[in-house]
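Here are my notes on this model. Please read them with the structure open.

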Amino acid sequence: GGEKIPYDPEQLRKINEHPCYSEKACHSAGRMHLAVAPKCNIQCNYCVRDFDCVNESRPGVCSEVLSPEEAIELVKKALSKFPYIKVIGIAGPGDPLANEETFETLRLLKEEFPTPIKCLSTNGLLLPESIDRLLEYDVGNVTVTMNAVDPAIGEKIYSFVEWEGKKLHGREAAEKLLSQQLKGIEMAVSKKMLVKVNTVFIPGVNDHHIIDIAKKAGEMGVFTFNLIPVIPQYKFKDIVPPTPKEKREMQDSCSPFVRQMRHCQRCRSDAIGKLGHDVQDCLYNKKD
Ligand code: SF4
Ligand code: SF4
């Protein structure tokens with residue numbers, strides 16, 4: 001948005017040293033993702049659940065799930081070998097907030113590695129009830145994937161949402177997810193977290209609505225907006241994804257309302273290194 005929000009020094013660090021929040025930092029700082037969160041609590045119509053959560057990630061990748069203890073060992077190795085890693089994030093392979101292992105990992109991280117920025121991505125369903133724990137573990141950067149701000153559009157994107165032991169479908173599912181996302185984003189912003197909104201660009205489903213999402217994000221004080229072309233699979237396998245030009249034009253149309261992230265690499269949920277220059281294979285002792 002146009003209006004200048006004054007960021008405090010700690011927030012500025014979480015912007016300027018985070019390769020996804022600062023395009024400048026992406027050349028010098030790296031991030032590592034810990035794949036400790038296999039379960040998900042919703043079903044997006046573009047997601048085949050055998051792979052990483054495609055709300056952030058590349059398709060066709062199935063990251064090896066680590067226990068919290070294994071994740072901590074990996075962080076130890078990675079930070080000693082690659083000191084430019086400034087951010088430790090949890091991005092899947094499912095929804096981080098739907099897995100208790102996420103919180104155990106964050107707790108251990110806070111004890112052993114208090115300095116690196118802690119970052120997490122989520123579909124937002126459990127964000128309101130998770131905010132206090134995220135704050136306790138110093139998570140300063142949160143990404144919420146929000147594909148609609150109108151449940152009439154949301155219901156075309158989600159097959160179901162698991163809520164308090166029940167499976168919600170249709171409009172009811174979309175309403176629940178949206179209200180949780182909005183509440184969660186509002187709480188996160190009010191607690192001075194830096195919020196990124198990811199929106200999956202789905203031609204014929206939410207394309208005419210994306211500017212409304214960007215407007216809403218800007219109004220709510222979201223720091224940056226990351227438009228992601230849909231990967232045609234599962235129920236959306238016949239959708240033609242937007243071209244790079246269509247994506248750029250949509251970002252241009254959204255840019256008056258909220259800052260645009262234009263350098264996203266769609267990293268895997270176990271990525272380590274600088275964006276586009278992953279080094280995880282040196283640490284996992286495995287070949288891709
Ligand atoms: Fe798949 Fe992620 Fe959607 Fe869950 S939130 S269904 S893992 S894309
Ligand atoms: Fe950053 Fe995009 Fe990679 Fe997430 S998927 S870590 S936003 S570059």
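The points below go from the whole chain to single residues.

1. **Ground rules.** This is a predicted model, in which local features need pLDDT of at least 70 and side-chain atom pairs count only at pLDDT 80 or more, while totals for chains, interfaces and linings use all residues. Residues are numbered from 1 along each chain as its sequence is written, chains are lettered from A and ligands numbered from 1 in the order in which they are written, and side-chain values use heavy atoms, with hydrogens and water left out.

2. **Overall build.** The protein chain has 9 helices and 11 strands. These are DSSP runs numbered from the N terminus: helices are H or I with at least four residues, strands are E with at least two. The radius of gyration is 18 Å, close to the 19 Å that the globule rule gives for 288 residues, so the chain is as compact as a globular protein of that length. That radius is taken over C-alpha atoms, and the rule is 2.2 Å times the number of residues to the power 0.38. Along its principal axes the C-alpha trace spans about 50 × 40 × 35 Å.

3. **Burial and contacts.** Buried residues make up 56% of the 288 in the protein chain. Buried means under 20% relative accessible area, exposed over 50%, and partly exposed in between (1.4 Å probe, protein chains only). Among contacts between residues at least 6 apart in sequence, 75% join residues at least 24 apart. A contact here means heavy atoms within 4.5 Å.

4. **Cores.** The largest nonpolar core has 74 residues; M32, L34, Y46, L134, I202 and F225 touch the most other members. A second, separate core of 10 residues includes C20, C26, A271 and L275. A core is a set of buried Ala, Val, Leu, Ile, Met, Phe, Trp, Tyr and Cys residues joined through side-chain atoms within 4.5 Å.

5. **Helix α1.** Which residues of α1 (residues 9-16) are buried? They are Q11, K14 and I15. These residues cover an arc of only 100° around the axis, which puts them on the same side of α1. The arc is that of the directions from the helix axis to the C-beta atoms. An α-helix has 3.6 residues a turn, so residues three or four places apart point the same way. The cover over the buried residues of α1 includes β4 (117-122), β5 and β8 (194-201). D8 caps the N-terminal end, with a side-chain oxygen 3.1 Å from the backbone nitrogen of E10.

6. **N147.** This residue lies in the loop between β5 (139-145) and α5 (151-154). N147 counts as buried because its relative accessibility is 0%. Its side chain reaches the backbone nitrogen of V200 at 2.8 Å.

7. **Q260.** Look in the loop between α8 (244-254) and β10 (272-274). Q260 is buried, at 13% relative accessibility. Its side chain reaches the backbone oxygen of V258 at 2.9 Å. Beyond four places in sequence, Q260 is in contact with T224, F225, Q251, C254 and S255.

8. **V48.** This residue sits in the loop between β2 (42-44) and α2 (68-81). V48 is partly exposed, at 25% relative accessibility. V48 and Q233 are 185 residues apart in sequence but 7.1 Å apart in space, C-alpha to C-alpha.

Terms used: A polar contact is a pair of N or O atoms within 3.5 Å; within protein, one must be able to donate a hydrogen and the other to accept it, and residues adjacent in sequence count only if both atoms are side-chain atoms.
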